Each structure stands twice: as structure tokens, then as C-alpha cells.
Amino acid sequence: MPFRTAFYLSTAFAILVYLPLRLVAQEAYSQQEELAWRTQHTTDLQKPDGWLSLIALEWLEPGETSIGSAQENKIHLPTTAPAHVAVLKLENNAVTLLPPTEGFPSGLQIDGAPAKEQVLRADQDKDKFNSQVTIGTLNFYVIKRADKFALRIKDAKSPFLLEFHGLKWFEPNPAYRVTAKWTPYVPAKSVSLLTLVGTEYSEPVPGFAEFRLQRKTFRLEPVLEDPNNPRLFFILRDTTSTENTYPACRFLYTTFPDHGVDQPGELLLDFNHLENPPCAYTPYATCPLPPAGNRLAIALPVGEQRYHK
């Protein structure tokens, strides 16, 4: 074999060995994987405690707030609930669950245990570990946004679930599956996110993803919601929001870059996985709005379309 030919072959082999991550990131679009992702997204929405189960968001005032199906309650539950379920007492920046005059109804539970008088956990701007109060098909919990508290109520038999009519999607397009250059912020910075209900909260931004699309270069910044969960959360809006997609924003979740968030590297952005925020389905969610830098002046005609027209 001539020296030049051998050199080219060995060089090509070395490149293939050296760049496995890049080749993985640029794998061809898989229709089977896309359909599986869409099916899972739809299934999650229809869970008994998913976003479609939301039936109310009630902001609490200082003092006592009664809950139940009887007319005299400040917060009314569906008629399937007992007449008097509980009393919420907002005092000293905490919410306590108190029994009504006749005591807690049978079957009322807090985090799977029989209900008792106690302070309900309500983490600032994060609800994952908040105390869950359940009875029958109902599930409610207190949320905290800025210095305000609210009661979020879900029902496994909610009208939104019973009347679910499926999701709308653009046709998948592999051109919107791109490999971005990842640049970490050292140290990580933070961004203040506004929400649709007028509150504001801060999240860490570990770096930015830079990519080319439609012959132009763009940059997006993700937030890191949970340091223990290896995924990035992009809140963004593009020009399809004027007509075909949810006006406020769409979400994109990705894995970490190939060398982690604190090292330069590459990141796969598959815009076919753009999904609606919870606010697109229900008026009882408190969704974040995209930072100024994540409002793109191009169209991304892929992913999920508007749920309500």
C-alpha cells in the first residue's frame, strides 16, 4: 500500500476514534424514538396528578381559609368531596393544616399518612417535595411564589382530563436537530425569571449553547432546575408563537453536554422535542417566561403546536 494512502486511512481512523461523541450527537433522526417521546409526553399529561388534572389555583390570604364542598367554605371543592375537609392557616410565612370543627374527614391523608394538624411543606418556587393532601380523587398542595402562597388543586376526574382531545404536532424535521457548541460560565451565573402570574424567581445558568440554523448563529441559555438531575431546561420562544405555537414560550429539555456543564463541549439540541409549558393546557399553572436572550427571531416549525386554538 502506498505511503500516502496508508497515511490517509490511518488519519481517517484516528478521527473516527477521537470524535465518537460528535458522531453520536449527529445520529440520524429516528422516527421510532420520536414517536416514543411524543407518546410519553402525552401519557405524562394524562396522569391522574398530571397538568391536565388541575382544577383550581387559589391564592391564600393571611389567617384561616376553609376548604370543602359546602357553600360556606372560602375554597370550594367538587361536590364529590366532604362538606368540610380542612382549614389552612397562613401565619408567619407558613401554612398550617387544621381540622374543621367536626375533625378531619375519613380518608384524608398527607403524604400517604392519615391527616393531622401540621405545617405543610411549601418550598420556594419548587413543588416537587411539597406536602401532598389527598382525599378521593382530589389532590391539593400549597405552593410558594415570591412572598405569596396559593393552593393548587388537582382532580383525577377533572374536565380537562375527561375532555382531552390529543396534541398537535409539526412534522418532524431532522434539519432542526443540531449540534451546539457548549461554553460554561465560570462561575455559573443566575437569571431572574418572570412568570405569567407576575411573580419572579432566580435560577442558575451554567453556560450557553451556540448553534447555526438557517445560515445564522444563535445562542440559548438553559437553567439548571435540579443539580441532582442531569438535564438542562431551555425556556424559549420563536416566531411561530404568533400563530401556530403557544404565545408565551415552549420548553426544551436536554441531557448534559458531552463533557458536563462545567467544561467546554458539545450539546445536542433536538428542536423536534419542543413542548408546550403547562400553562398551554390550564389557566391554573404558573409558568416562567423566556429570558430576553432566548427569544429567537426565527421560526422553529417543529415540535408541539398550540393545544387551544
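The legends below describe close-up views of a predicted model. Residues are numbered from 1 along each chain as its sequence is written, and side-chain values use heavy atoms, with hydrogens and water left out. Local features need pLDDT of at least 70 and side-chain atom pairs count only at pLDDT 80 or more, whereas totals for chains, interfaces and linings use all residues.

**View 1. The largest nonpolar core and the contacts of Leu88.** A nonpolar core is a set of buried Ala, Val, Leu, Ile, Met, Phe, Trp, Tyr and Cys residues joined through side-chain atoms within 4.5 Å, where buried means under 20% relative accessible area, exposed over 50% and partly exposed in between (1.4 Å probe, protein chains only). The largest core has 25 residues, and Leu60, Leu88 and Leu151 touch the most other members. Two or more residues of this core come from each of strands E4 (86-91), E5 (94-98), E9 (133-135), E10 (138-145) and E11 (148-155); strands (E, at least two residues) and helices (H or I, at least four) are DSSP runs numbered from the N terminus. Beyond its neighbours within four places in sequence, Leu88 has contacts (heavy atoms within 4.5 Å) that include Leu60, Val95, Leu97, Leu120 and Leu151. A second, separate core of 23 residues includes Leu213, Leu236, Leu269 and Leu296.

**View 2. An open sheet of four strands.** The strand order is E14-E13-E12-E17, with antiparallel pairing, and two strands pair if DSSP finds at least two bridges between them. Strands E14 (216-220) and E17 (265-270) are the edge strands, each pairing on one side only. Strand E12 (residues 177-194) pairs with E17 over six bridges, and Trp182 stands opposite Gly265 in E17.

**View 3. Gly198 in its loop.** Gly198 lies in the loop between E12 and strand E13 (200-213), and counts as exposed because its relative accessibility is 65%. Although Gly198 and Cys287 are 89 residues apart in sequence, their C-alpha atoms are 9.9 Å apart in space.

**View 4. The largest pocket and its lining.** On a 1 Å grid over the protein atoms alone, a pocket is an open set of points where a 1.4 Å probe fits, with protein on both sides within 12 Å along at least five of seven lines, and lining residues have an atom within 4 Å of a point. The largest pocket has a volume of about 1600 Å³, and of its 44 lining residues Trp51, Glu225, Arg231, Tyr253 and Pro278 lie nearest its centre. Helix H3 (31-45) gives the most to this lining, with five residues, while strands E15 (231-236) and E16 (250-255) are among the elements that each supply at least two.

Technical notes: Grid points are joined across faces, edges and corners, and a volume is the space filled by probe spheres set on the points.
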